[in-house]
Amino acid sequence: MASAAHRSLMLRALLVAAAIAGALSDPTPLQDICVADLQATTLLDGFACKPQTAVVDDDFFSRAIASAASTNNPFRVNSTRATVATFPGLNTLGVSITRVDLAPGGLNPPHSHPRASELVMVLKGEVMVGFTTGANRLFSKVVRENELFVVPRGLQHFQLNNGTGDAVFIAMFDAQSPGVVTPTFAMFSTKPAMPMEVLTKTFLMGEDEVTAMKSKFIGF
């Protein structure tokens with residue numbers, strides 16, 4: 001059974017998520033429910049609806065972010081997502097949520113969400129959150145338990161655990177599938193590989209330096 005502290009944290013998260021639901025970036029739904037049919041073969045900008053007769057209670061329930069995830073990786077971070085792809089009841093509702101666990105010194109590296117703004121709420125520890133604008137201006141703040149920080153849609157941003165212990169925050173989005181683009185991965189771990197000339201000219205490096213940089217992102 002969940003502890004009282006855990007239930008309190010999750011309640012606060014749900015209340016904040018509900019607060020952003022009134023400003024949907026996704027199209028307004030045309031019916032009461034449209035649970036995603038993840039097995040549908042018809043390609044849509046989103047997901048087709050399951051037949052109403054096939055919808056069940058559990059379609060509107062998820063434990064996706066209930067538990068901490070391993071941060072045993074070079075960035076010491078783990079993101080556990082509850083988007084429409086894992087939580088079919090979110091289909092057409094214009095909301096989703098992600099839990100991020102950060103070990104001490106852990107970094108959620110610079111990335112962007114092309115289809116959503118992000119509202120960060122720290123549940124545990126302290127996290128530096130920052131984003132950059134098109135004018136290369138940095139806005140950042142150390143965010144502590146129960147505090148909020150908002151990242152405008154599509155802008156590059158990061159989260160860094162600068163506390164002494166583990167940190168946990170939730171990120172709430174005004175889209176059922178916000179997407180994620182991480183520049184380091186988009187440059188150094190694409191398939192097929194980014195042309196070497198593009199990388200050497202972009203980073204003003206020689207081929208040996210670029211090759212050494214790419215080797216750090218093998219497996220991502």
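Accessible areas were computed by the Shrake-Rupley method with a 1.4 Å probe, and for residues only the protein chains shown count as cover. On this basis, the accessible surface of the chain amounts to about 12600 Å², and 59% of that surface belongs to carbon and sulfur atoms. The structure is a predicted model, in which local features need pLDDT of at least 70, side-chain atom pairs count only at pLDDT 80 or more, and totals for chains, interfaces and linings use all residues. Residues are numbered from 1 along each chain as its sequence is written, and side-chain values use heavy atoms, with hydrogens and water left out.

The chain contains four helices and nine strands, taken as DSSP runs numbered from the N terminus (helices, H or I, at least four residues; strands, E, at least two). From the N terminus on, the order of elements is α-β-β-β-β-β-β-β-β-β-α-α-α. Of the 220 residues in the chain, 35% are buried (under 20% relative accessible area; exposed is over 50% and partly exposed in between, with a 1.4 Å probe and protein chains only). Among contacts (heavy atoms within 4.5 Å) with a separation of 6 or more, 70% are accounted for by residues 24 or more positions apart.

Six aromatic pairs were found in a search of the whole structure. Rings of Phe, Tyr and Trp (its six-membered ring) pair if their centres lie within 6.5 Å, and planes under 30 degrees apart count as stacked, over 60 as edge-to-face and the rest as tilted. The pair F131 and F139 is stacked, because the ring centres are 5.4 Å apart and the planes lie at 25°. F131 is buried, with a relative accessible area of 11%, whereas F139 is partly exposed at 31% relative accessibility. F188 and F217 are likewise stacked, since their centres are 5.6 Å apart and their planes at 10°. F188 belongs to helix α2 and F217 to the segment after α4 (207-215), so this pair ties together parts that are 29 residues apart in sequence. Both F188 and F217 are buried.

S189 is located in the loop between α2 (183-188) and α3 (196-203). This serine, S189, is buried, with a relative accessible area of 17%. A polar atom of the S189 side chain lies 2.9 Å from the backbone oxygen of F185. When neighbours within four places in sequence are left aside, S189 is in contact with T184, F217 and F220.

Note on methods
A polar contact is a pair of N or O atoms within 3.5 Å; within protein, one must be able to donate a hydrogen and the other to accept it, and residues adjacent in sequence count only if both atoms are side-chain atoms.
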